[in-house]
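Visitor: I am new to this structure and would like to be guided through it with care. Could we look at it together, one topic at a time?

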Amino acid sequence: MARTFNQLREAVAKTKKYADFKGRVSRRDFWTYAAVVLGITILGAIIQGIVGLGFMSLIGLALLVPNAAMTARRLQDTGKDGKLVWILFIPMSVLILFAFS
């Protein structure tokens with residue numbers, strides 16, 4: 001029981017750093033986060049299929065900053081500059097421009 005509370009406490013503490021671009025994140029925490037995001041995405045796709053609204057767009061916007069922050073911290077773990085994460089937004093921006101033109 002105490003182990004469960006400790007894990008829950010750790011998870012809550014990590015979610016408080018959702019917009020923190022400084023520091024480091026362990027490999028285990030990164031992949032745990034990636035698995036949770038994958039689960040949220042799959043659940044969102046199922047809900048969108050049932051409801052038919054642009055639910056995935058909302059999920060994408062909600063996870064934009066946390067994904068960028070987690071990627072930046074993981075990049076810093078590998079010895080690279082965390083600001084490289086913003087280069088990933090260039091292809092997305094171009095795709096959005098093409099989609100709306």
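**A guided look at the helices**

Guide: Helix α4 is followed by G79, a residue whose phi is positive, near 90°. Please keep in mind throughout that this is a predicted model.

Visitor: How many helices are there in the protein?
Guide: Going from the N terminus onward, the elements run α-α-α-α-α. The protein has zero strands, and its count of helices is five.

Visitor: In which helix is the confidence highest, and in which is it lowest?
Guide: For the protein as a whole the mean pLDDT is 81, and 87% of the residues reach 70 or more. Confidence is highest in helix α2, residues 27–51, with a mean of 87, whereas the lowest mean, 66, belongs to residues 2–15, which form helix α1.

Visitor: What share of the contacts with a separation of 6 or more joins residues 24 or more positions apart?
Guide: The protein has 101 residues, of which 18% are buried. Among its contacts with a separation of 6 or more, the share accounted for by residues 24 or more positions apart is 62%.

Visitor: What span should α4 have, and how far apart are its end C-alpha atoms?
Guide: Helix α4 holds 14 residues, and at 1.5 Å a residue these should span 20 Å.

Visitor: Is R73 buried or exposed?
Guide: R73 is found in helix α4, which comprises residues 64–77. Leaving aside residues up to four places away in sequence, R73 touches K17, D20, F21, K22, G23, R24 and V25. Its relative accessibility is 5%, and because a residue under 20% is classed as buried, R73 counts as buried.

Visitor: Which residues does A19 touch, not counting those up to four places away in sequence?
Guide: A19 lies in the loop between α1 and α2, and at 39% relative accessibility A19 counts as partly exposed. The C-alpha atoms of A19 and A68 are separated by 8.2 Å, although the two residues are 49 residues apart along the chain. With residues up to four places away in sequence left out, the residues that A19 touches are V65 and A69.

Visitor: How far apart are the C-alpha atoms of I42 and M56?
Guide: I42 lies in helix α2, and with a relative accessibility of 46% I42 counts as partly exposed. I42 and M56 are 14 residues apart along the chain, and the separation of their C-alpha atoms is 9.5 Å.

Visitor: Which elements give two or more residues to the lining of the second largest pocket?
Guide: The second largest pocket is lined by S57, G60, L61, L64, F89, M92 and I96. The elements that give two or more residues to this lining are α3, residues 55–62, and α5, residues 89–99.

Visitor: What is the volume of the second largest pocket?
Guide: Rolling a probe the size of a water molecule over the atoms shows where empty space is left. By class, the lining of the second largest pocket has five nonpolar, two polar and no charged residues. The volume of the second largest pocket is about 240 Å³.

Key:
Residues are numbered from 1 along each chain as its sequence is written. This is a predicted model: local features need pLDDT of at least 70, side-chain atom pairs count only at pLDDT 80 or more; totals for chains, interfaces and linings use all residues. Side-chain values use heavy atoms; hydrogens and water are left out. Helices (H or I, at least four residues) and strands (E, at least two) are DSSP runs, numbered from the N terminus. Buried means under 20% relative accessible area, exposed over 50%, partly exposed in between (1.4 Å probe, protein chains only). Contact means heavy atoms within 4.5 Å. On a 1 Å grid over the protein atoms alone, a cavity is a set of points where a 1.4 Å probe fits but cannot get out, and a pocket is an open set with protein on both sides within 12 Å along at least five of seven lines; lining residues have an atom within 4 Å of a point. Grid points are joined across faces, edges and corners, and a volume is the space filled by probe spheres set on the points. Ala, Val, Leu, Ile, Met, Phe, Trp, Tyr, Cys and Pro count as nonpolar, Asp, Glu, Lys and Arg as charged, and the others, Gly among them, as polar. pLDDT is the predictor's confidence in each residue, from 0 to 100. The expected span of a helix is 1.5 Å times one less than its number of residues.
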